[in-house]
Each structure stands twice: as structure tokens, then as C-alpha cells.
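Student: Could you walk me through how to read a few features of a protein model? I would like the general idea first and then the case at hand.

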Amino acid sequence: MTTHDAAPFVIEMKVRDSECDAQGVVNNANYLVYCEHARHEFLEAHGVHFKDLVARQIFLMVAHMDLTFLSPLTGGERFEVASTVQRHGPRARFEHIITRLPERTVCLKAHVDVICKIDGKLTRGTFFEAFG
């Protein structure tokens, strides 16, 4: 697995107005969507496509999330999601940092633990060895 010392995988995104609440800031649930999108892009960059996994009865599922909200994003703002991943026993722990651009204000820090089930059975996480 990639360690915290390795360069993070980074994608840039833009807040859409529909992602904002009545206060004009990104609704908290959308930060989860941003992190999930970053994980999917990370996996695709490593040759892993969810459609192919499902066809092989391999399911990656979130087991735990820990989110720290630091500064809100608002409509139209650009931001990046930097992601690293590290093996934690049978889990892969993704660390995501969402940063507003261009000033690089950290908006969210997230730890997301992902597990792997194959043919309906929880695995020991050997699937995640493919990333290291």
C-alpha cells in the first residue's frame, strides 16, 4: 500500500451550486461524495474499475469514516482532494485532505476505512496489496 510518505493522488474539482445548502455552503454530505469520487479515481489510476470488480463478485465497502470539518466550501469554488492509502490489517485506510484553491486552505480531513468482500465473504485484505 501507499504510505503517508509517498506523494498523494490528487484530483481537482469544482463546487456545483446544487451541492450547497440554504446557507450557501457545501452540504456536509457532499464532502463524503467528494472523498468517494477521489477513491474511485485513485483506484482507476491503479487499473481497478468497480464494474469489473462487481462482475467478479468483489465488493469494496466503507467500514468507518472519521471527518474533521475545518473551513466551508461555497458554490463555484475550486478545490482539490489529496488521497493516500495505507493497509491497516484487513482494511485499507484512505486519508483525504480537501483543500480550497488557490489559497490552499484545508477544508476537510477524512480517514476512511475500506473493507473487501469476495463472493459474500469478508477477506483479510489481500486485495489491497495490489496498490503497493
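Tutor: Gladly! Let us begin with F9, which is partly exposed at a relative accessible area of 21%. Keep in mind as we go that this is a predicted model.

Student: Now the aromatic rings, please. How many aromatic pairs does a search of the whole structure find?

Tutor: The search gives six aromatic pairs. One of them joins F9 and F42, with ring centres 5.9 Å apart and planes at 85°. Planes over 60 degrees apart count as edge-to-face, so that is the label for this pair.

Student: Where in the chain do the two partners, F9 and F42, sit?

Tutor: F9 belongs to strand β1 and F42 to helix α1, so this pair links distant parts of the chain, 33 residues apart. Another pair is made by Y31 and Y34: the centres of their rings are 5.9 Å apart and the planes are at 75°, so this one is edge-to-face too.

Student: How far apart are Y31 and Y34 along helix α1?

Tutor: About one helical turn separates them, because they are three residues apart in helix α1. Y31 is buried at 3% relative accessibility, and Y34 is buried at 1%. Both tyrosines also belong to one aromatic cluster, together with F69 and F79.

Student: Let me pick I98. Which residues does I98 touch, leaving out those up to four places away in sequence?

Tutor: I98 lies in strand β4 and is buried, with a relative accessible area of 0%. Beyond those sequence neighbours, I98 touches Y31, Y34, C35, L73, F79, E80, V81, T105, V106, C107 and L108. As for K109, its C-alpha is 6.6 Å from that of I98, although the two are 11 residues apart in sequence.

Student: Let us turn to charges. How should I read a salt bridge?

Tutor: Side chains of opposite charge can pair when their charged atoms come close. The cut-off used here is 4 Å from nitrogen to oxygen, and by this rule there are eight salt bridges. Take R78 and E12, whose side chains meet at 2.8 Å, N to O. Since R78 is in strand β3 and E12 in strand β1, the pair ties together parts that are 66 residues apart in sequence.

Student: Are R78 and E12 buried, partly exposed or exposed?

Tutor: Partly exposed: R78 has a relative accessibility of 38%, and E12 has a relative accessible area of 47%. Compare the salt bridge between R100 and E77, at 3.2 Å, N to O. R100 comes from strand β4 and E77 from the loop between β2 and β3, so this pair links distant parts of the chain, 23 residues apart. R100 counts as buried, at 8% relative accessibility.

Student: Which residue forms a salt bridge with E129?

Tutor: R87 does, with the closest N and O atoms 3.2 Å apart. E129 is in the segment after β6 (121-122) and R87 in strand β3, 42 residues apart. E129 is partly exposed at 48%, as is R87 at 26%.

Student: Which residues do salt bridges with shared partners join into one network?

Tutor: That network is made of E77, R100 and E103.

Definitions and conventions: Residues numbered from 1 in each chain as written. Predicted model: local features only at pLDDT ≥ 70, side-chain atom pairs only at ≥ 80, totals over all residues. Heavy atoms only, no water. Contact = heavy atoms within 4.5 Å. Phe/Tyr/Trp six-rings, centres within 6.5 Å; stacked < 30°, edge-to-face > 60°. Helix = DSSP H or I, 4+ residues; strand = E, 2+ residues; numbered from the N terminus. Buried < 20%, exposed > 50% of the residue type's maximum accessible area, 1.4 Å probe, protein only.
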